[in-house]
Amino acid sequence: MNADLTNASLTYRLAGKRVYVAGHRGMVGSAVVRRLQRDGVEVMTSSRDKVDLRDSAAVGAFLKSAKPDVVVVAAAKVGGILANDTYPADFLYENLMIEANLIHGSFVSGAEKLLFLGSSCIYPKVSPQPIPEDALLTGPLEPTNEWYAIAKIAGIKLCQAYRKQHGADFISAMPSNLYGPNDYFDPEKSHVIPALLRRFHEAEQRGDREVVCWGTGTPRREFLYVDDLADACVFLLENYSGYDHINVGTGSDITIAELSETVKRVTGFSGAIRWDHSKPDGTMLKRMDTARLASLGWKSSTSFEDGLAKAYRWYLENPVRGGEVPAAAQH
Ligand code: GFB
């Protein structure tokens, strides 16, 4: 195993390895599975009814018998700003359990490599823009998502601890706000893109005169298409072995008001937009510094217009999934 505590690049090939993707039914996990299968890599998954990822004995037994070479931790309890704020115990407890079980179990079962996925919400509420990796733990978190953020910070620290104590080649990547196929299109609990695609689409279908969006519309967000993240995951597994987590984003952001206008155009809604100021804005700025990943040799390739059109097409073609509660799914 690689015990490097600096940030080393390396060449590790996934070809011929057995890769376990935890959270394969979710948006991120399913994109990682698609990406690996495209390359002919052997992918393993576990079904929720057989292996509850919150159960350490079940996860330990599964990993001991499956013995994957590589593990991708794309499983998590996820949701948008209101879900995070409403269910703090679920977001903290479930995410701590899932990641601790998978990271420890992977170490015990002898995995050669592990990739843990977090979120840009790990950074302080007020951070330099764009946010560099070393802004972590330099200030207070955004209150609406501090529970999820604390769990994700613990996941980064677990990877670093297993590297430091045991020489395990466990790495972490922090994506910006994600969207794409297999997202969770719930009007209340989901993230802003699926929520707005659904709300504007349904309003257009009913012929409504207005659509309500949350907050003031002034916060800025950086949106990354999930297939680009999956590509970055493969890139990092093959080219990075280091102690520090790595930001994954596009390097550009837009206001929520601009996003709403774009969703309005894409869905063909012709009415007005009203802002509900009783709903939280969350953090105002969240664009990440992606220089470290760029210096390793990766950048995103899907334009926002293309990605949004693909996400909307997926929603139209998968109406049932639209309101379903997701299984363990990473966002
Ligand atoms: O996507 P979202 O829930 O995530 O909200 P966060 C982004 C912004 O969109 C906020 C506004 O300013 C919301 O007020 N917004 C407008 C809406 N209309 C809507 C709507 O209908 N639904 C939603 N959901 N938002 C999450 C964290 O924060 O980011 C998670 O809570 C995770 O922990 C995720 O890290 C990536 O960017 O505010």
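Predicted model: local features only at pLDDT ≥ 70, side-chain atom pairs only at ≥ 80, totals over all residues.
Two rings of Phe, Tyr or Trp (for Trp, the six-membered ring) count as an aromatic pair if their centres lie within 6.5 Å.

**Stop 1: the ligand.** The shell holds 23 residues, and the closest are Ile81, Arg199, Arg221, Pro280 and Asp281. By type, the shell divides into eleven nonpolar, eight polar and four charged residues.

**Stop 2: polar atoms at the ligand.** Select Arg221, where a polar side-chain atom is 2.6 Å from an oxygen atom of the ligand. Go on to Asn84, which places a polar side-chain atom 3.0 Å from a ligand oxygen. At Ile81, look at the backbone instead: a polar backbone atom there is 2.7 Å from an oxygen of the ligand. Of the 700 Å² of accessible area that the ligand has on its own, the protein covers 99%.

**Stop 3: the cavity.** Hide the ligand and look at the space it takes, which is the largest cavity. Now colour helix 3 (81–86), helix 6 (192–206) and strand 8 (210–214), the elements that each give two or more residues to the shell. Helix 6 gives the largest share, four residues.

**Stop 4: aromatic pairs.** Select the aromatic residues; the opening rule gives ten aromatic pairs. Finish by colouring strand 2 (residues 18–22), which holds Tyr20, and helix 2 (residues 56–66), which holds Phe62. The pair links distant parts of the chain, 42 residues apart.

Technical notes
Residues numbered from 1 in each chain as written. Heavy atoms only, no water. Near = heavy atom within 4 Å. Polar contact = N/O pair within 3.5 Å; in protein donor to acceptor, adjacent residues only side chain to side chain. Areas by Shrake-Rupley, 256 points an atom, 1.4 Å probe, with all protein chains shown as cover. 1 Å grid on protein atoms, 1.4 Å probe; cavity = no way out; pocket = protein on both sides within 12 Å on 5 of 7 lines; lining within 4 Å. Sits in = over half its atoms within 2 Å of the grid points. Nonpolar A, V, L, I, M, F, W, Y, C, P; charged D, E, K, R; others polar. Phe/Tyr/Trp six-rings, centres within 6.5 Å; stacked < 30°, edge-to-face > 60°.
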